[in-house]
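Here is a colleague's note on one structure. Please read the points with the model open beside you.

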Amino acid sequence: MKKLASRRAIIYAGSGDDIGLVIRYLRLKKLLSSHGEVLRHGNGYAVQVKSKKAKKELSDIVKSKFGIFIKVI
């Protein structure tokens, strides 16, 4: 049996404004089901999201739009 791709991901960014832009972009493209609270994490910010796409697809979309400034884990 094939394992389903994970729909939950954590998005890391250097600033809270960057996280806000990513969330707004993903909601505009209708790729997010929900997202959690933006939290300070180390030197940056993190938010947990529930996506309508697989984590790998979400990562590719974010990287193509925002480059290396945003990490999807």
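1. Start with Lys-30. Its relative accessibility is 63%, so Lys-30 counts as exposed. (Exposed means over 50% relative accessible area, buried under 20%, and partly exposed in between, with a 1.4 Å probe and protein chains only.) Lys-30 lies in the loop between α1 and β2 (32-35). Its phi is positive, about 60°, although Lys-30 is not a glycine. Most residues other than glycine have a negative phi.

2. A word on the basis. This is a predicted model, in which local features need pLDDT of at least 70 and side-chain atom pairs count only at pLDDT 80 or more, while totals for chains, interfaces and linings use all residues. Residues are numbered from 1 along each chain as its sequence is written, and side-chain values use heavy atoms, with hydrogens and water left out.

3. Now the overall layout. The protein has two helices and five strands. (Helices are DSSP runs of H or I with at least four residues, strands are runs of E with at least two, and both are numbered from the N terminus.) Along the sequence the pattern reads β-α-β-β-β-α-β. The radius of gyration is 12 Å, close to the 11 Å that the globule rule gives for 73 residues, so the protein is as compact as a globular protein of that length. (That radius is taken over C-alpha atoms; the rule is 2.2 Å times the number of residues to the power 0.38.) The C-alpha atoms fill a box of roughly 40 × 20 × 20 Å along the principal axes.

4. Next, burial and contacts. Of the 73 residues, 30% count as buried. Take contacts between residues at least 6 apart in sequence: 59% of them join residues at least 24 apart. (Contact means heavy atoms within 4.5 Å.)

5. Which strands does β4 pair with? Leu-39 stands opposite Ala-46. The hairpin of β3 and β4 has two residues between the strands, and Gly-42 takes a positive phi near 65° in it.

6. Look at β1 from both sides. It also pairs with β5 (residues 70-72), antiparallel, through three bridges. Tyr-12 shows both links: its bridge partner in β4 is Ala-46, and in β5 it is Lys-71.

7. Finally, the rings. How many aromatic pairs does a search of the whole structure find? One. Tyr-25 and Phe-66 form this edge-to-face pair, 5.7 Å centre to centre with 85° between the planes. (Rings of Phe, Tyr and Trp, its six-membered ring, pair if their centres lie within 6.5 Å; planes under 30 degrees apart are stacked, over 60 edge-to-face, the rest tilted.) The pair links distant parts of the chain: Tyr-25 is in α1 (residues 16-28) and Phe-66 in α2 (residues 55-66), 41 residues apart.

Conventions:
Pairing = 2+ DSSP bridges.
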